[in-house]
Amino acid sequence: MYIPRRFILCILMFTGLITNYMLRVNMSIAIVELVNTGENSVELCGNSSNGKHDLKKEPVVDWTTFQVGWVLSAFFIGYAVFQLPAGRLAEMYGTRSVFGWSMAGCGVLALVTPVLLVTSAGFPIILIIRLLQGLFESAAFPALNPMVSKWVPPKEKSNFVSFAYVGGTFGTIITYPLCGLILDRIGWEAVFYVTGGITLVWFGLWMLLVTDLPEDHKSISKQELEVILTTRTYLTVDNSAEKNVPVLQLVRDMLTNMPTVLLMLCEFSNSWGLYTLVTEGPTFFKEVLNFDISENGLLSALPYLGRFLGAQIFGSFAGFLVARSLLKPLNVQKLMVATEFIFPAIGLVGLSFITDQPYLCVAVMSIAYCFNGALYCGHTVNGLTIAPNRSGTLMGLTNGFGGVAGILVPIVKSALVGNPTTCDELIHRWRIVFCIPAAIYTVVAILFASLASGSVQGYDQKQYKRKYNALY
């Protein structure tokens, strides 16, 4: 039985992003035990019977709250900085190599983390490792966009992207309970060995089964190839011509383009809320909701399960609306952006007032982030709509701006939460942490509904000429 090669590609993108997020969040989970003193959180909000804490467990490293914040932020510094170059590299040299080798490098760094973390210079070494992992992982979404433009017919993009790109969310769903179990049963070192090993297995399959262009695939059927080539909006160009595009001119045009700026704001907004959960969620679940590490892993995954399910539901719904011409694609995207931001904003504010009911708090968070799954058929598809040929550079620019939120979230959280002296004070400070992304969500949703575009932008097919050098 013939399996369409674009379906295989979709599965490999999905699983690649699973490994991507495994390596992204493994430190956020492990650090709960690495710096565990067993006392602070229990002193403040330890009256719940939800968890069983080991008060005698000694920390693996003697890092301050400030140092922990920088360890978690270091990843996102690298992640933000290299987004734009990664997108251009994928457009020039192909997604297969850029995404594949970047993930392999990130996996190797995960494997050496346990050995280097416990050395006398552990803190600066881990900062460098997390910075490099951020650099490697920054290639993921910018690199995937050009391949989607080459392989996926327009009417399939909402469904394709809503499944393939939600692999990162599914990776978080798997990683939280898996790493919680590993921490509870084996030890923190195994968290890095398991996630790094899985990544290298995926790398082998990716390099074996994927090509950058469908017309270069050796086993694709003539029928499938015809469907792709007769409907895609991507223009096949000589790679040498694309390599000569002065990137600063292109970026200048993007930064002065309102639809592009809106996508940058969407990515920043989404990233602030997401990274609040990804990097700080395990700490919130332990300090405020008082779950032990095994419960922490499972329950921390539930909001992402909601997000994954929401992506499938809203992706199918958006695809239905577009296929039946019930709404214009831009109106569908505006509807999905409102859905992905407004409902999570309500949920974040609401859950911050019900922390005395931990399981209800988890339920509210999970339902709220179900709606956030609409992002893949909202502003993500809008990026493919306005720049099908230079979607890698566009995603690099927008996702890179979103990565700035990843740098700021741990630092802002550390500054806001600090060292409270009572449980009520701790909860109040966490309430502020959750209200910040809620406010950002609301403002950006209104801006997108008012100013977004559904037309291909001028810079997408513009023929650039160098003025001074390779960059400009």
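Which residues in α1 meet which residues in α5? The close-ups below take that pair first, then move on to other helices of this predicted model.

**View 1. Helix α1 (residues 5–34) packed with helix α5 (residues 95–117).** On the α1 side of the contact sit G16, L17, T19, N20, L23, M27 and L34, and on the α5 side they meet F99, M103, C106, G107, A110, T113 and L117. Sorted by type, the residues of this contact come out as nine nonpolar, five polar and no charged. The two axes lie 10 Å apart, at an angle of about 20°. Since angles under 35 degrees count as roughly parallel, that makes α1 roughly parallel to α5. As for handedness, α1 passes α5 in a left-handed crossing.

**View 2. A look along α5 itself, with its bend at L111.** How far apart are the end C-alpha atoms of α5? They are 32 Å apart, and that agrees with the 33 Å that its 23 residues should span at 1.5 Å a residue.

**View 3. Helix α1 again, this time with helix α9 (residues 167–185).** The angle between this pair is about 40°, and their axes are 7 Å apart. That makes α1 oblique to α9, and the crossing is right-handed. From α1, the contact takes in F14, L17, I18, Y21, M22, V25, I29, A30 and E33. Their partners in α9 are G167, G168, F170, G171, T172, I174, T175, Y176, L178, C179, G180 and L183. The tally for this contact is 14 nonpolar, six polar and one charged.

**View 4. Helix α19 (residues 391–417) against helix α20 (residues 423–451).** Parallel or antiparallel: how do these two run? They pack at an angle of about 150°, with 9 Å between their axes. Angles over 145 degrees count as roughly antiparallel, so α19 and α20 are roughly antiparallel to each other. The crossing of α19 past α20 is right-handed. V412, K413, L416 and V417 are the α19 residues in the contact, and they meet L426, R429, W430, I432, V433 and I436 in α20. By type, that contact holds eight nonpolar residues, no polar and two charged.

Notes
Residues are numbered from 1 along each chain as its sequence is written. This is a predicted model: local features need pLDDT of at least 70, side-chain atom pairs count only at pLDDT 80 or more; totals for chains, interfaces and linings use all residues. Side-chain values use heavy atoms; hydrogens and water are left out. Axes are lines fitted to C-alpha atoms, for helices over the stretch in contact, and angles run from 0 to 180 degrees between N-to-C directions. Helices (H or I, at least four residues) and strands (E, at least two) are DSSP runs, numbered from the N terminus. Angles under 35 degrees count as roughly parallel, over 145 as roughly antiparallel, 65 to 115 as roughly perpendicular and the rest as oblique. A crossing is left-handed if the near helix is turned anticlockwise from the far one by less than a right angle, and right-handed if clockwise. Contact means heavy atoms within 4.5 Å. Ala, Val, Leu, Ile, Met, Phe, Trp, Tyr, Cys and Pro count as nonpolar, Asp, Glu, Lys and Arg as charged, and the others, Gly among them, as polar. The expected span of a helix is 1.5 Å times one less than its number of residues. The bend at a residue is the angle between axes fitted to the seven residues ending there and the seven starting there.
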